[in-house]
Protein chains: 2
Amino acid sequence: MPFCGYSHAVSTDLVQLVTAIAQRARAASRVLATASAEAKNAALARLAELLLGSTDALLAANAKDLAAARENNLTGAQIDRLTLDAKRIAQMAEGVRRVAALPDPVGEELERTVRPNGLEIRKLRVPIGVIGIIYESRPNVTIDCAVLCLKSGNAAILRGGTESFHTNRMLVEIIHQALSARSTLPSSSEAWAKEDGLPADAVQLIPTTDRAALTTLLKLDDLIHCIIPRGGESLIRFVVENSTIPVIKHFKGVCFVYIDKDADPDMAEHIVINAKVQRPGVCNAAEQLLVHVGVAGAFLPRLARALLEKNVELRCDAASAAILQQHGLAHRAAAPEDFTTEFLDLIIAVRVTPSLDDAIATINRDSSAHSDAIVTRDAGAARCFLAGVDSATVFWNASTRFNDGFEFGLGAEIGISTDRLHARGPMGLRELCSYKYVITGTGQVRG
Amino acid sequence: MPFCGYSHAVSTDLVQLVTAIAQRARAASRVLATASAEAKNAALARLAELLLGSTDALLAANAKDLAAARENNLTGAQIDRLTLDAKRIAQMAEGVRRVAALPDPVGEELERTVRPNGLEIRKLRVPIGVIGIIYESRPNVTIDCAVLCLKSGNAAILRGGTESFHTNRMLVEIIHQALSARSTLPSSSEAWAKEDGLPADAVQLIPTTDRAALTTLLKLDDLIHCIIPRGGESLIRFVVENSTIPVIKHFKGVCFVYIDKDADPDMAEHIVINAKVQRPGVCNAAEQLLVHVGVAGAFLPRLARALLEKNVELRCDAASAAILQQHGLAHRAAAPEDFTTEFLDLIIAVRVTPSLDDAIATINRDSSAHSDAIVTRDAGAARCFLAGVDSATVFWNASTRFNDGFEFGLGAEIGISTDRLHARGPMGLRELCSYKYVITGTGQVRG
């Protein structure tokens with residue numbers, strides 16, 4: 001459902017359009033790579049102020065998207081995700097200020113050695129270059145991604161969803177104002193007066209939601225260094241299958257909570273309820289429960305009562321079904337695919353496991369390696385679990401819902417990775433950086 | 001030119017063979033991920049000893065490859081790369097001991113924070129998982145890669161070149177002996193007695209050099225986490241184009257030396273000669289020279305004399321040609337493609353540049369972002385160059401030839417990356433690792 005004029009352009013025009021955007025982004029990335037923290041933070045400060053000052057314009061743009069959403073019969077939840085109001089705009093501005101307040105990752109020294117021949121070898125954090133972000137409807141993603149990329153010295157190419165097209169266009173217009181120095185701020189500050197601002201091409205929006213534009217973008221591996229897709233599994237699969245640029249992603253979150261035989265039952269109940277119920281539609285919500293056979297008989301009935309009270313449906317293996325049956329507690333038999341499903345709903349699959357080792361093996365086989373937790377008082381069991389479960393984030397006595405950039409103190413996140421190269425888990429400013437080796441000598445040559 | 005029987009198997013057999021290797025590697029990688037440093041180092045100590053004790057068997061296997069090489073009319077340089085002798089075997093064993101002596105990267109704490117809610121968040125280094133290494137003829141690469149993967153807790157799948165097939169098979173046989181505990185060593189050591197050794201599937205060789213086996217391997221993205229190709233540009237392009245697994249690589253090294261207007265002329269000559277002549281056939285040798293216009297008239301003639309003495313051919317732009325012409329020094333006019341060529345030979349392309357900024361822009365446009373150097377006494381100019389040149393490794397007053405894992409103190413290197421995600425520059429043990437987040441709580445749930 002392309003929204004704007006460009007989508008009717010012939011294919012050559014579209015290729016030229018998207019290529020020109022990427023070329024401008026690459027040029028901007030070279031300026032950003034050596035931009036001072038002051039210049040970047042000044043732009044972010046201007047952005048926070050401009051967002052607050054543009055509430056009316058943003059609400060007007062958002063109203064167009066909302067009208068289209070109602071016409072297209074989007075669900076209430078979808079419309080809610082899309083909706084801006086004064087409070088959400090203020091939250092966006094606050095988020096921008098929070099990222100501005102974080103230390104600049106660029107130039108950080110990661111390692112330093114002096115070799116026997118006197119060569120000094122330093123490994124310094126540098127921006128990746130140009131980042132393409134492909135996402136769906138939530139407008140705050142536009143601001144989060146733009147701000148994290150800017151602060152980490154990367155140029156961003158944003159390809160948002162059809163549903164939030166007008167809102168995103170207005171947001172990027174505001175970002176462009178913020179990038180140019182002294183856009184709305186008094187020139188009294190010496191730090192700002194020294195700056196010419198940052199290139200507007202640092203943040204660009206693909207001005208069409210035509211899939212052909214996306215396919216073109218994903219092949220520009222000479223100009224774009226990393227693609228981060230955010231959204232449903234089908235969007236992410238499309239990106240992975242069509243990209244020649246490295247993609248960092250997670251497809252889905254099939255997250256486990258394992259209740260060990262030495263779990264504190266109150267804590268276990270508390271954590272399972274939170275992980276399943278607090279926000280069931282997100283990737284770090286629990287979908288799968290494993291209970292050690294030694295405590296299943298005592299623990300499962302009380303947990304089932306608590307889950308049923310929250311309207312959670314239990315899909316059980318034979319052993320857990322037998323226990324709930326005995327207590328007359330509602331449940332249904334799980335189908336095999338339930339044990340690898342991301343329900344994103346008030347449903348949980350339940351299995352009884354004979355041992356810690358079996359639990360670890362089950363999780364390594366069936367989870368999506370996103371967020372998996374053990375509840376236990378046994379430090380030895382916890383150590384085995386934390387070392388043996390091969391997931392991006394593993395938890396001991398805490399809810400899987402904490403696997404999140406804000407909760408980690410990253411200010412925001414550009415995504416969560418279940419990949420193993422470059423970044424794993426929530427990605428913030430540091431994960432948007434590469435590094436380079438800088439070597440200083442006094443005329444050394446190799447013998 | 002497939003060497004062995006498998007290559008005539010029908011395609012389904014080949015797919016099954018390669019898939020089974022990858023499945024065994026993935027299973028072995030789960031054991032390796034939590035193997036102790038002692039167990040890994042004991043296997044490496046056994047390997048060093050076994051290599052020395054297997055000199056005769058290795059030379060016999062190598063003789064088969066050398067006979068085939070002569071039959072196939074390989075060049076002297078190619079045969080030299082392929083040849084083992086007692087000294088080279090001893091060097092291999094020494095390399096194994098050097099890697100064993102390095103600290104174990106697995107489990108290293110990279111970051112640690114305690115959140116206001118009391119959650120402890122640790123970012124710990126863990127192995128990537130399964131690494132596929134695709135390489136050409138040098139047998140020492142087999143040992144370097146296997147040893148670096150083992151020490152970093154990764155399973156390795158090796159696909160070596162046709163030319164060194166028999167040598168590689170013998171080397172991997174020796175590695176398998178070393179992996180099994182107490183293979184040749186007294187059981188007196190308590191540390192070893194506690195260990196059962198490591199799985200033989202930790203290091204596997206694809207038993208055919210059939211390209212179809214390689215193509216199959218490159219699609220097993222569920223089982224293999226990273227591909228590292230080493231060799232000529234055409235091999236690497238083949239791997240990149242056929243892999244659905246992330247590839248870390250460099251295609252080539254078009255490396256620059258820039259002589260600034262404030263360069264010490266003696267140091268500049270010394271560095272250029274070393275970077276060009278010391279070993280012209282390798283990726284970190286200089287191929288391109290830029291000289292600031294302010295010193296070109298004085299410096300280029302003396303440098304040209306020194307290069308010509310070493311039989312280096314100079315391919316010049318108009319400005320540098322005019323200077324050499326004036327002094328009656330041999331040179332030829334460069335073709336446009338010379339300025340982006342990796343000669344791997346005693347040839348250097350020469351340009352005069354009007355400014356530091358132009359030099360930086362030229363390098364960012366024409367280099368392969370591998371190893372680029374500035375020679376200058378001006379610290380300000382050096383800082384601009386080191387920050388502005390967007391290459392894996394940048395040098396100030398040192399030869400580009402130092403861009404190498406051994407020279408960096410990594411013990412060995414599994415490759416050099418000009419990519420920007422995960423690893424850049426020489427890759428050692430740390431670069432063969434990913435990380436995971438390990439979160440410890442006391443029952444925290446999200447509000």
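**Entry 1: a strand pair across the chains**

I began where the chains meet: β16(A) is joined by 5 bridges to strand β13 (residues 393-398) of chain B, and the two run parallel. I count strands as paired if DSSP finds at least two bridges between them. Helices (H or I, at least four residues) and strands (E, at least two) are DSSP runs, numbered from the N terminus. In β13(B), F395(B) stands opposite I439(A).

I noted the ground rules here. This is a predicted model, where local features need pLDDT of at least 70, side-chain atom pairs count only at pLDDT 80 or more, and totals for chains, interfaces and linings use all residues. Residues are numbered from 1 along each chain as its sequence is written, and chains are lettered from A and ligands numbered from 1 in the order in which they are written.

**Entry 2: the sheet**

Which strands form the open sheet, and in what order? I read 10 strands, β10(A)-β9(A)-β11(A)-β8(A)-β7(A)-β12(A)-β13(A)-β16(B)-β2(B)-β1(B), with mixed pairing. The edge strands are β10 (332-333) of chain A and β1 (109-114) of chain B, each pairing on one side only. I then checked β9(A) and β10(A), which pair in the parallel sense over 2 bridges. C316(A) has A333(A) in β10(A) as its bridge partner.

**Entry 3: the contact between the chains**

How many residues does each chain give to the contact? I found 53 residues from chain A and 53 residues from chain B. Contact here means C-beta atoms, placed from the backbone, within 7 Å. On the side of chain A that touches chain B, the elements giving two or more residues are α1 (11-33), α11 (265-277), α15, β13 (393-398) and β16 (433-444) of chain A. β16(A) gives the most, with 11 residues. By class, I listed 23 nonpolar, 22 polar and 8 charged residues on that side. Ala, Val, Leu, Ile, Met, Phe, Trp, Tyr, Cys and Pro count as nonpolar, Asp, Glu, Lys and Arg as charged, and the others, Gly among them, as polar.

Why do I say that the copies meet through the same surface? They do so because 100% of the interface residues of chain A are also interface residues in chain B.

**Entry 4: the symmetry**

I laid chain A on chain B. A turn of 180° and a shift of 0.0 Å along the axis gave an RMSD of 0.1 Å. In chain A, the C-alpha of H422(A) is nearest the axis, 1.8 Å from it.

**Entry 5: domains of chain A**

Chain A is divided into domain 1 (5-249 + 427-438) and domain 2 (255-407). These bounds come from an automatic or database domain assignment. Taken over C-alpha atoms, the centres of domain 1 and domain 2 of chain A are separated by 36 Å.

**Entry 6: helix α14 of chain A**

Which residues of helix α14 (residues 356-366) of chain A are buried? I found L356(A), A359(A), I360(A) and I363(A). Buried means 20 or more other C-beta atoms within 10 Å of the residue's own, exposed means 12 or fewer, and partly exposed is in between; C-beta atoms are placed from the backbone. An α-helix has 3.6 residues a turn, so residues three or four places apart point the same way. D357(A) and R365(A), on the other side of α14(A), are exposed. The buried residues of α14(A) pack against β7 (255-259), β8 (286-292), β11 (347-353), β12 (371-375) and α15 (379-388) of chain A.

**Entry 7: single residues**

Most residues other than glycine have a negative phi. I noted N311(A), not a glycine, with a positive phi of about 65°. N311(A) is in the loop between α12 (293-309) and β9 (313-316) of chain A. N311(A) is exposed, with 8 other C-beta atoms within 10 Å.

I ended on A33(A), in helix α1 of chain A. Leaving aside neighbours within four places in sequence, A33(A) is in contact with V126(A), P127(A), G153(A) and D390(B).

Key. Two residues are in contact if their C-beta atoms, placed from the backbone, lie within 7 Å. Copies are superposed by least squares on the C-alpha atoms of residues with pLDDT of at least 70 in both.
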